[in-house]
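Try each task before reading its solution.

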Amino acid sequence: MVCLQIFSAANLSSSLKTVNAAIHIPKLPRVFSIPQLQKTKPLLEDFINVSRHHINTDQLEKNSVVLTTQSHDRNTNDIIIIKLYAVLEAVSERVEMHHNIAQQRNNWNTLLLNSINMITLTATTLAGVASAAATTCSDSSLLALKLSSALLFSAATGLLLIINKINPSQLTEEQRNATRLFKQLQRQIQTTIAIGNPSEEDVKDAMDKVLALDKAYPLPLLGAMLEKYPAKFEPAVWWPSNKGKPQSKKMGKMNNGWSEELEMEMREVVEVIKRKDAEDYNRLGNIALKINKSLAIAGPLLTGIAAVGSTFIGNNGSSLAAFVPLMAGSLAAAINTFEHGGQVGMVFEMYRGSAGFFNFLETSIESTLSEKDLAKRENGELFEMKMALKLGRSISNLRELASKSASYRMEGVGDMGEFASKLF
């Protein structure tokens, strides 16, 4: 039974595969032909591309111009920064050079001072021995003592002429000032780079400052060395002639922080500086210059007198011939110690630098106030704060100083120097 069912199922499936339909239905003719739709994607993409081209052509051109300009500005800014770094490298090198030379010239001062004093005192001792032994020792021994004393006094005279000409203590102070000012310029350049967006004017200003410092504090001893004994005391000048010109890039409020009250305050500060600080340092500088000149002449003159006087020791039994070299040699050693041990030349240079500092403040304030365009000045509040710090005062004290100066001037005080001394 099971086999029969399997057989019948197999026959049925095979018959279903081989039987064809008895009735054939003809295909209907195509009365309406439906056209095949084209692919719309390429057309749509073309339309979008054309639309983008027409719509964004101007914008793309503008963007390309902006990108080109930005790229050009970026390249220009990079070149300016590279130039500033080159100037900064030169300034750093000068800082190291002036620092090393200051130490070297300070050693000169110490070594030459000790050497000349030892030579002078030795010559004085020999002159004393020769005068004491003039009656007891032989002529050859006396002659040896006299010649030794005269030669040592002559050597001391020559060394004193050299040391007084170069004045090592003054040279050392010059290099200290140069080191300090170059370090200040180094920090200014670093600040300019850190703030960003420097200009060619910043590069030019930095280079002018470097050249002005090189001229104010030269390194060579011959040819470019500053005059150690000038005919007239003059303050040091280490800034370029265009120093104090306002920088137009510094913008603040509409009035850039300036007001009539602030301008009057700065003018009164200038008047007080002229009548008090600048006048005091000029007076002290002239005193130091006169003392320095007198000591520089007296030292070699005394050793020269001692050298000549030592050759007359024992002649005719005169006590004056022995007295002159002893006194001259002792005084020469004392004067040399006071001049170079006390570093009178350094004191003179200190007064010259201090007078130059106040002259620099006057120039900065006057040149800033001479600019009529407030937008091109340095910000007034910042300028006031800088002046207060440089003068060692708070902003309120600076304003009080200016107000008192103005009130005394309005009252017609005759002695402004006495008034300024009271203010300070």
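**Exercise 1. Find the residues with the most contacts inside the largest nonpolar core, and the elements that build this core.**

Step 1. The largest nonpolar core holds 38 residues. A nonpolar core is a set of buried Ala, Val, Leu, Ile, Met, Phe, Trp, Tyr and Cys residues joined through side-chain atoms within 4.5 Å. Buried means under 20% relative accessible area, exposed over 50%, and partly exposed in between (1.4 Å probe, protein chains only).

Step 2. Inside this core, the most contacts belong to Val91, Ile189, Tyr217, Trp238, Met266 and Ile365.

Step 3. Two or more residues each come from α2, α4 (168-195), α5 (200-216), α6 (260-310), α8 (344-369), α9 (380-390) and α10 (395-411). Helices are DSSP runs (H or I, at least four residues), numbered from the N terminus.

Step 4. Apart from this core lies another, of 16 residues, including Leu145 and Leu302.

A note on the model: it is predicted, so local features need pLDDT of at least 70 and side-chain atom pairs count only at pLDDT 80 or more, while totals for chains, interfaces and linings use all residues. Residues are numbered from 1 along each chain as its sequence is written, and side-chain values use heavy atoms, leaving out hydrogens and water.

**Exercise 2. Describe the surroundings of arginine 105.**

Step 1. Locate arginine 105 in helix α2 (residues 41-132).

Step 2. List its contacts (heavy atoms within 4.5 Å). Not counting residues up to four places away in sequence, arginine 105 touches Pro168, Leu171, Thr172, Gln175, Leu219, Pro220 and Leu221.

Step 3. Look for a charged partner. Arginine 105 is buried yet has no salt bridge, a term for a side-chain nitrogen of Lys or Arg within 4 Å of a carboxyl oxygen of Asp or Glu. The nearest side chain of opposite charge, glutamate 174, is 5.3 Å away; here Lys and Arg count as positive and Asp and Glu as negative, with His and the chain ends not counted.

**Exercise 3. Is glutamate 349, the salt-bridge partner of arginine 352, buried or exposed?**

Step 1. The closest N and O atoms of arginine 352 and glutamate 349 are 3.0 Å apart.

Step 2. Both residues lie in helix α8, three residues apart, about one turn of the helix.

Step 3. Glutamate 349 counts as buried because its relative accessible area is 0%. Arginine 352 is buried too, at 14%.
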